[in-house]
Protein chains: 2
Amino acid sequence: MIQRTSFREMECPIARSLEEVGEWWSILILRDAFHGLRRFEEFQSSLGVATNTLTRRLADLVEHGLLARRRYCEHPPRDEYVLTEKGRDFHPVLLAMLAWGNRHLADAVGPAVLATDAASGAVMDPIMVDRTTLKPLSPRDIRLVEGPGAGPEIRARIARSDAARAARAKQTAANQGTT
Amino acid sequence: MIQRTSFREMECPIARSLEEVGEWWSILILRDAFHGLRRFEEFQSSLGVATNTLTRRLADLVEHGLLARRRYCEHPPRDEYVLTEKGRDFHPVLLAMLAWGNRHLADAVGPAVLATDAASGAVMDPIMVDRTTLKPLSPRDIRLVEGPGAGPEIRARIARSDAARAARAKQTAANQGTT
């Protein structure tokens with residue numbers, strides 16, 4: 001077992017997401033589930049992962065509600081694993097990783113996998129926008145603020161963030177003053 | 001050190017992304033970098049992580065080109081860490097995790113952190129769309145296909161994916177035939 005700090009008690013939704021998906025294998029299992037795989041042997045032949053690791057990761061994804069176990073055969077008893085709504089909602093994370101990997105980690109010859117429009121076959125370039133305004137969300141245009149669930153940890157982070165930015169702005173102003 | 005399989009040789013852009021960001025701490029460092037933090041002490045007080053772990057993770061992010069080390073003080077020598085273009089491009093992954101965490105892991109009282117429009121203050125709901133058509137990208141509307149860099153691994157995965165879907169479609173048709 002991998003020993004590491006638990007992020008579960010952290011308030012940050014990103015830290016909680018990391019804790020929830022557990023580890024890399026879980027993310028690759030979800031990827032394969034979006035590829036239409038459902039059965040233990042399908043995941044195993046895709047991932048080449050040890051049986052006990054796969055068993056543990058599937059159980060973990062079921063326990064956290066990203067996959068649901070469903071019996072597809074009674075004799076002999078056989079289960080398959082299907083994405084729940086919570087699991088399907090994880091899709092944008094994978095798509096964002098796919099886009100980043102394609103952009104920055106592909107071999108010189110080009111990306112290995114492309115997302116295309118299932119209807120038209122056109123290659124799609126996934127970007128993040130706001131649901132209502134469809135405005136692209138770049139780091140520059142976004143400000144993270146305390147939500148209703150913010151506790152001391154988040155409040156401290158946002159205060160540190162504001163302080164760091166203010167210090168930098170002051171520094172920039174001072175530098176411009178001296179040149 | 002955590003022992004795990006290397007995903008680097010995998011062709012899949014998602015597996016490569018996972019390999020590249022290394023581990024959870026790297027993602028939280030990037031998160032803090034987007035919050036405006038740059039200095040060792042700033043990251044450390046935000047993350048509460050052991051000094052040697054933070055040193056290693058920062059060096060790793062610099063080595064992989066997501067952060068750049070920049071000297072901000074000569075006497076005494078002090079460096080800060082700033083996001084590169086490759087690092088900034090990771091933003092959608094974090095935003096997707098934030099949205100998922102807010103939706104599925106928040107306490108009953110509501111999300112701890114909200115992304116707002118820096119200009120208007122309006123709360124933003126990040127979704128993935130295609131850059132050109134602005135069409136929302138749901139798993140159902142997307143088909144993953146081989147790109148120019150696809151090798152045997154990707155070709156096998158896409159073949160397995162097509163086979164699994166075809167088997168399911170056949171099964172569904174058979175079930176509908178018997179009811």
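**Figure 1. The loop holding Pro76(B) in the predicted model.** Pro76(B) sits between strand S1 (67-73) and strand S2 (78-83) of chain B. The peptide bond that joins His75(B) to Pro76(B) is cis, with omega about -5°. Most peptide bonds are trans.

**Figure 2. The cis peptide bond between His75(A) and Pro76(A).** Omega of this bond is about -5°. Pro76(A) belongs to the loop that lies between strand S1 (67-73) and strand S2 (78-83) of chain A.

**Figure 3. Leu134(A), a residue with positive phi.** Phi of Leu134(A) is near 60°, although the residue is not a glycine. Most residues other than glycine have a negative phi. Leu134(A) is in the loop between strand S4 (126-130) and S5 of chain A. Leu134(A) counts as exposed because it has 11 C-beta neighbours inside 10 Å, and the cut-off for exposed is 12 or fewer.

**Figure 4. Leu134(B) in the loop between strands S4 (126-130) and S5 (142-146) of chain B.** Leu134(B) is not a glycine, and its phi is positive, about 60°. With 11 other C-beta atoms within 10 Å, Leu134(B) is exposed.

**Figure 5. Pairing of strand S5 (residues 142-146) of chain A with strand S3 (residues 113-117) of chain B.** The two strands run antiparallel and are joined by five bridges. Val145(A) has Leu114(B) as its bridge partner in S3(B).

**Figure 6. The contact between chain A and chain B.** Chain A contributes 82 residues and chain B 83 residues. On the side of chain A that touches chain B, helix H6 (residues 91-104) gives the most, with 14 residues. The residues on this side of chain A comprise 46 nonpolar, 15 polar and 21 charged.

Conventions. Residues numbered from 1 in each chain as written. Chains lettered and ligands numbered in written order. Predicted model: local features only at pLDDT ≥ 70, side-chain atom pairs only at ≥ 80, totals over all residues. Contact = placed C-beta atoms within 7 Å. Helix = DSSP H or I, 4+ residues; strand = E, 2+ residues; numbered from the N terminus. Nonpolar A, V, L, I, M, F, W, Y, C, P; charged D, E, K, R; others polar. Pairing = 2+ DSSP bridges. Buried ≥ 20, exposed ≤ 12 C-beta atoms within 10 Å, placed from the backbone.
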